[in-house]
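The entries below follow the order in which I checked the residues.

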Amino acid sequence: QVQLVESGGGLVQPGGSLRLSCAASGSIFKINVMGWYRQAPGKQRELVAAVTSGDSTNYAESVKGRFTISRDSAKTTVYLQMDSLKPEDTAVYYCNAVITAVSRVTRNYWGEGTLVTVSS
């Protein structure tokens, strides 16, 4: 079993900052990709940022220069530092990971989501 546990959402004023965390645990052989998606009301889920096992990163155009994705030294926890937040960043943020389990089965995993609200 593999689990993703998220934390760090909340209410913040425009221009403020938040940091999201996502910890992966369980029968993990390799974490291939970890990242964050978001889904705003009435919109499709979209990629925000991701980091590969080789440390390559990818960001949505709308967050480049404002958001930073990083991992801990064990590479089992991913962080999303969100600065200069805008009301349009309001969404449920989901942690996502492509993980190869010790069984050598590779699957796509999702966290439960954490709400980020940017409002004055």
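I looked up Y94 and noted a relative accessible area of 15% in this predicted model. Y94 is therefore buried, because the cut-off for that class is under 20%.

I next looked up W110, whose relative accessible area is 36%. W110 is therefore partly exposed.

I then asked how many aromatic pairs the whole structure holds. The search returned two. Y37 and W110 form an edge-to-face pair, at 5.0 Å centre to centre with 65° between the planes. I placed Y37 in strand β4 (residues 28-39) and W110 in strand β10 (residues 106-110), so this pair ties together parts that are 73 residues apart in sequence. For Y37 I recorded a relative accessibility of 24%, which means that Y37 is partly exposed.

I concluded that ring pairs join Y37, Y94 and W110 into a cluster.

Last, I looked up which charged residues lie over ring faces. I found R45 over the face of W110, 4.6 Å from the ring centre. I also found R104 over the face of F29, where the distance to the ring centre is 3.6 Å.

Note on methods. Residues are numbered from 1 along each chain as its sequence is written. This is a predicted model: local features need pLDDT of at least 70, side-chain atom pairs count only at pLDDT 80 or more; totals for chains, interfaces and linings use all residues. Side-chain values use heavy atoms; hydrogens and water are left out. Rings of Phe, Tyr and Trp (its six-membered ring) pair if their centres lie within 6.5 Å; planes under 30 degrees apart count as stacked, over 60 as edge-to-face and the rest as tilted. Helices (H or I, at least four residues) and strands (E, at least two) are DSSP runs, numbered from the N terminus. Buried means under 20% relative accessible area, exposed over 50%, partly exposed in between (1.4 Å probe, protein chains only). A charge sits over a ring if NZ of Lys or CZ of Arg is within 6 Å of the ring centre and within 35 degrees of the ring normal.
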